[in-house]
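Thanks for coming. Please have a look at the structure on the screen, and then I will go through a few of its contacts.

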Amino acid sequence: MTRKTHAGVILTALLVFTMPLGGARTGAQTPFGPIRVEVDETRAPQKILHTHLQMPVEPGPLILYYPEWIPGEHMPDGPIINMAGLKFVGGGKMIPWRRDLTDMFAFHLDIPQNVTSLAVDFDFLLAAPASGYSAGASATAFLNLVSWNQLVLYPKGYDAGNILCLPSLRLPSGWVFGTALPGAKQNGETIEFSPASLETLVDSPVLTGHYFRTIELTPGQTPLHEIDIAADSAAALAMTPETEAHFRQLIAEAGALFGSRHYRDYHFLLTLSDSTAHFGLEHHESSDDRTRERSLIDESGRLVFAGLLPHEYVHSWNGKYRRPADLLSPDYHQPMKDDLLWVYEGLTEYLGEVLTARSGLWNRHQSQEHLADVAARLDAEPGRTWRPLQDTADAAVFLYDADRAWSNWRRGTDFYEEAMFLWLDVDATIRRLTHDEKSMVDFCRLFYGGTSGEPDLKPYAFDDVVNGLNRIVGYDWASFLRSRLDSVSPNTPDESIENSGWKLIYNDQANEIQDVRGEIGRRLNLRSSVGLDLGDDGTVDDVIYDGPSFRAGMGPGMKITAVNGKQFSAEVIKEAIEAAKGTAAPMQLIVANGPAVETYAVDYHGGLRYPHLVRDENRPDFLSEILHSQTP
Ligand SMILES: [Zn+2]
């Protein structure tokens, strides 16, 4: 089809004001639109949404896409399976459609003569399980997170930054909303937003709900920062003044770290529910942050979720403002390449950890316990002996959804956690080479700096990262990075801790962060001793490959029912591990393996081992500097 529509005349003027995200790379492409996007979420508690689209068309063949590659999810996981009731009408008549046989996200239509406007209607089914990411459960009786990518079709041949949308949303009675999408005007239960590009729309989810609270973090200042919270109960909204102060500090610390902010306003869209998926998804001017209902009011819950908002917030700079060119997919249809996720996610994991400490969401000890916990997991991960860190990024598309069983041997998405240590090592190395004159703060200000204001997008490649580091301090950064990315069994976690002035040790004292994670997740982490990852009912989630329990014959999916003749409990197995210390007799586990019940003899005598960091007085203490607040 041709790109001229009679709406095109007004488009050009509107685009100037509403498409800051598209400007960086859409070049001379002719704009498309407008697409009226009318979403009705009044039946969200029934787990169904309706969308009505109206778009200009011309007679002839037309291909419409459903968004496939979802920004921030790094996968082709657009939830197309949850479309139902799809119907196209033009010139008052139904228009037949057929799905492409090899491209499941493409719909073929033939627009009849004299038809200039196409109506598209479909329902989006919300009955997803409470797992996964934005396509997972998003609605409860009291709240819903609207992800616009789930509710649109758009023509082939245009970048999302060049497609103009006119969005509106109808809420259930009495619900309120929060979003970074500009220009909201409420009329009864319907909210009309300013015209926005499809890119801005997909990047600007709307959190809606009955129990709702908005907390301004920088009152009276520009830009505006707020936390919009929707919860499954009024009680869950009761953020303590201390926690609120830490979030205010987070905004200040991020300003000190990056030196500029590339957004007009910033909204944390926080869902507190035990019935939705739990994850975080970054956007340029907001983040979709979902956690357990009582995360603000129970201390263990607060500790487990402490790092979520800092991580997603860092993505506004690292991931949205600066993004690997390989990850662009300007139309959600061209595949993303995930090879630089060790920067996109790994550096975000590192800076998120740093900001969690600097803002006081974790105290110094808790931050160090977290580092020790993650380093210990990587220490006990034999998959690192065959799959290089680089391949965890290259293969992210399937590693994100890989099963927990054998995850230690397969490896998972270690471009988050191992790369966190890679970046800690970069920070420690910059400090060592410059005699503590420079640090990652200098790199962040260089790489993520520039003028504050409207969202912008500056793509980068591996060489840009290396060049940026070299502008901070000259070094063979390419070899530094490549050796840690491409080799097997690099010593990155332990080395980076040592290079920042600390050591990883194990003793029989519980690790505080590991403990609260176990309590909240109802799990028992015995990876560093008998090599088992258990549910608190004895279910074997994972067995460390070639560890003591593996050698005894155990595997994932089994269930421990008794330990040394006593009924299984977390305390019973921990006492048995301690009792076997210094003896020769193996621990006897009675284990159900599907239909069979068998006894396994686990020959391990090292006692309980929990990881911690201790200071190495022979080296400068960079880690304490890194975790220390940078604001007055
Ligand atoms: Zn992330």
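I will call a residue buried when its relative accessible area is under 20%, and exposed when that area is over 50%, with partly exposed in between. Keep in mind that this is a predicted model.

By that rule, R384 and E418 are both buried. These two residues form a salt bridge, with their closest N and O atoms 2.7 Å apart. R384 sits in the loop between α8 and α9, while E418 belongs to helix α12, so the bridge ties together parts that are 34 residues apart in sequence. Which residues share this network of salt bridges? Through shared partners, R377, E381, R384, R411, D414, E417 and E418 are joined into one.

D203 pairs with K320, at 3.6 Å between the closest N and O atoms. D203 is in the loop between α2 and β16, K320 is in the loop between α5 and β22, and 117 residues separate them. Both are buried.

Next, R517 and D373 meet at 2.7 Å, N to O. R517 is in helix α17 and D373 in helix α8, 144 residues apart. R517 counts as partly exposed because its relative accessibility is 29%, whereas D373, at 8%, is buried.

Last, the zinc ion. What coordinates it? The donors are H311 and H315, each through NE2, and E345 through OE, at 2.0 to 2.1 Å. Their spacing in sequence is H-x3-H-x29-E. H311 lies in helix α5, and E345 in the loop between α6 and α7, 34 residues away. H311 is buried because its relative accessibility is 9%, and E345 is buried at 1%.

Terms used
Residues are numbered from 1 along each chain as its sequence is written. This is a predicted model: local features need pLDDT of at least 70, side-chain atom pairs count only at pLDDT 80 or more; totals for chains, interfaces and linings use all residues. Side-chain values use heavy atoms; hydrogens and water are left out. Donors are N, O and S atoms within 2.8 Å of the metal (3.2 Å for Na, K and Ca); water is not among the atoms, so sites may look incomplete. Helices (H or I, at least four residues) and strands (E, at least two) are DSSP runs, numbered from the N terminus. Buried means under 20% relative accessible area, exposed over 50%, partly exposed in between (1.4 Å probe, protein chains only). A salt bridge is a side-chain nitrogen of Lys or Arg within 4 Å of a carboxyl oxygen of Asp or Glu.
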